[in-house]
Each structure stands twice: as C-alpha cells, then as structure tokens.
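Have the model open while you read.

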Amino acid sequence: MNTNSKGSNDMRGGSVRTTSFDVAALAGVSQSAVSRAFTPGSSIKESTRQKILEAARKLNYVPNSIASSLTTHRSNMVAIILGSLANPFYVHVLQEFSLSLQKKGRQTLTFTLGEGMGTDEAIMRVLQYQVDAVILTSAQLSTRMINMCQDRGIPVVLFNRYIPYSGTYGVRCDNVAGGRMIADAFLKAGAKTFMMITGDPNGTTSQDRERGFTERLLEAGISRDAIYSYPGLSSYDGGAAAVDRHAETGKDFPDAIFGIADIMAMGAMDNLRIRYGKRIPEDIMVAGFDGIPEGARPAYQLTTVAQPMQQMVEHTIDLLHLDEPGKPVEPIPDLPIPGEMIWRATVPSPAK
C-alpha cells in the first residue's frame, strides 16, 4: 500500500497535503511559477497562470501562507488596532480596510482594546505575530512601542488621529475645520446657545472637533457660558445620557447640539424627541460628524460632516509601502483631508 498516494491517510489519520511541487509537476511549470500565480501583482503570463490554477483545482491545492512567510519573512498580514466599536464609524472603517487589503492580497489581523487594555499592551500582542504593518485607530501609543515596531521594520500608521510631540502621524480628517463648519451651520441658522457631546477626552479626534467648533463660536462673539459640554463616550447611549445630564441642571435646552460623532447625535435626537417632546430642528438643531450610513436613514436625516473614509483608507495603505518590504521605515507625515458638509433635515440649510 502506497501511503504517499493522493487521498491516502498519514499515520495520524489525516489526509496528505498537496504541495506546490505537486501542482508544478501537473502543470508542467516550475515551483516558483506556482508561487507567482497565487501572488497578486506578480509577473506571470495569464495563460500560464490559468494552467496552474486548473492544476490546483484538480488537486484541491490551497497555498499555505504560513509556510510561505517562513521563506519570504512576509506574512501579508496587516494588524489593525481598534478602540471601542460602539461607534459604527469604526465598524465601517474595518470593513473598508479589510476589502481594500484583500484586493492587494493581504489579510487583516484585528485587535480590539478590551476593558483596561492600553495600546502599548495591544502592540505587544501584535508583535507576537509576524505582521507586515500596523494601523492604529485607538488613542495612545508610547514612543518606546513606536521604536520597537520600527526596529523590527514594521511601519505604524495612525488612522484619523495623531500623537502630539511623538513624530508619529498618519491620515486623518481635518477635524478642526469640520468642527468649524458645524459651528458656521448653527450660526447661520440663528442659534445663540450651544451644546457639545464629546468623545474620548484623550483622543485628538474629539479634541480637534471640539476646538474647531468652540473657536469658531468664540470668534462670532458667543460667550463661553453659552456653550455647554457633556461627555458622550462615543456611543448612542452616551449621547442620550448627555441630554439627560443637561436636563438635570434645570437650564433650558440650547438652540443647537453638536454630537462629536454621528452616533452620539442620533442618541441625543431620540432622547430629545421621545422623552422630552422636542422637535428637530424646530425646537433644537442637531448635527453630527463622521457621515455614517445610519445617520442618513429616514428616522434621522442627520446633518453632518462626512469623513472621506475611502480616500483616507487608500492613503493609509499607500503609506505602509506593502509592496516595498525593503524600504526603510520612515516617519509618517501628517495628512489631514477635508471633510464634506452634508446638509440634511436637522439643521436648516442656508438659502441658495
């Protein structure tokens, strides 16, 4: 009995794995040609590639990416570190990164920061794997961890945030300018009193949106006493709770509410209408930031600043230089990209 025949079992009772050499023999090509056929962007004649794919189908061959990484020292995996997924924007971001990287023959390795887990701890877990790059969407990262990644030739790009004074930047929406756009929209609609529902107090994304919004209001002569602020934890429930916290003060509701993220603005809207009987925008104007698809639903029709997510994702992947593994890891430039004001039903649009 030949124990090496296809379909036979090994001593542990498992099937013998078909190798790239088997495919090469059947297709009449070299083993390196088989490798190129399964590597996106590799130089190989289309007729040869089809011959190899046909041989692979006949043998039920699937490339072993782990074995390949031992030879090439490239895993084709990109780690994405996410903070809370309570904000749907980052769910959409993860999907966009996954699809874009898959088109380039890469896969994502996702890490979500759990309760009490810091970004440095997440990086230490990432480094246990042979990742080719790291995309960071959470707030903080120490210089030590940045240097540790760079020493290993692993580029780190920040997405929609930066770490001040670290020299580590990345691709982000111009959040200061976006905050100013929301303030302008409220001012042009006649608002005199305002409320912000804020996100991560340590995150540059929330800080920049708050700063742009507040600075524009102050420039327009609005008193700081007319600008209220409550934390919303970047979640729907947090947005609703911020409305309750203001109501508990006994003060009148403001003319306009800015949810630093769409999901918080949506939570505030539902609470205003259901619990407090407020009409939007007749009684209170509401605007958000991010441009998530959920905000465009008929129940919300939320006016917002939309982040150019697809463009941001493309720029981020370009900065990783995935097709140039020998390129030295260099400091990443700061790339702010303008957002787009989306007028919907929750703020009266300016007369044309």
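1. Aromatic pairs first: this is a predicted model, and the count comes to eight such pairs.

2. Another edge-to-face pair is Phe253 with Tyr276, at 5.3 Å between centres and 70° between planes. Phe253 sits in the loop between α10 (236–248) and β8 (256–259), while Tyr276 sits in the loop between α11 (262–274) and β9 (285–290), so this pair ties together parts that are 23 residues apart in sequence. Tyr276, with 25%, is partly exposed.

3. Have a look at the phenylalanines as well: Phe186, Phe194, Phe213 and Phe258 form one aromatic cluster.

4. There is also a charge over a ring to check. Arg209 lies over the face of Phe289, 3.8 Å from the ring centre.

5. Now the overall picture. The chain has 12 helices and 12 strands, and 47% of its 352 residues count as buried. Of the contacts between residues at least 6 apart in sequence, 70% join residues at least 24 apart. The accessible surface of the chain is about 17700 Å², with 50% of that belonging to carbon and sulfur atoms.

Notes
Residues are numbered from 1 along each chain as its sequence is written. This is a predicted model: local features need pLDDT of at least 70, side-chain atom pairs count only at pLDDT 80 or more; totals for chains, interfaces and linings use all residues. Side-chain values use heavy atoms; hydrogens and water are left out. Helices (H or I, at least four residues) and strands (E, at least two) are DSSP runs, numbered from the N terminus. Buried means under 20% relative accessible area, exposed over 50%, partly exposed in between (1.4 Å probe, protein chains only). Contact means heavy atoms within 4.5 Å. Accessible areas come from the Shrake-Rupley method with a 1.4 Å probe; for residues, only the protein chains shown count as cover. Rings of Phe, Tyr and Trp (its six-membered ring) pair if their centres lie within 6.5 Å; planes under 30 degrees apart count as stacked, over 60 as edge-to-face and the rest as tilted. A charge sits over a ring if NZ of Lys or CZ of Arg is within 6 Å of the ring centre and within 35 degrees of the ring normal.
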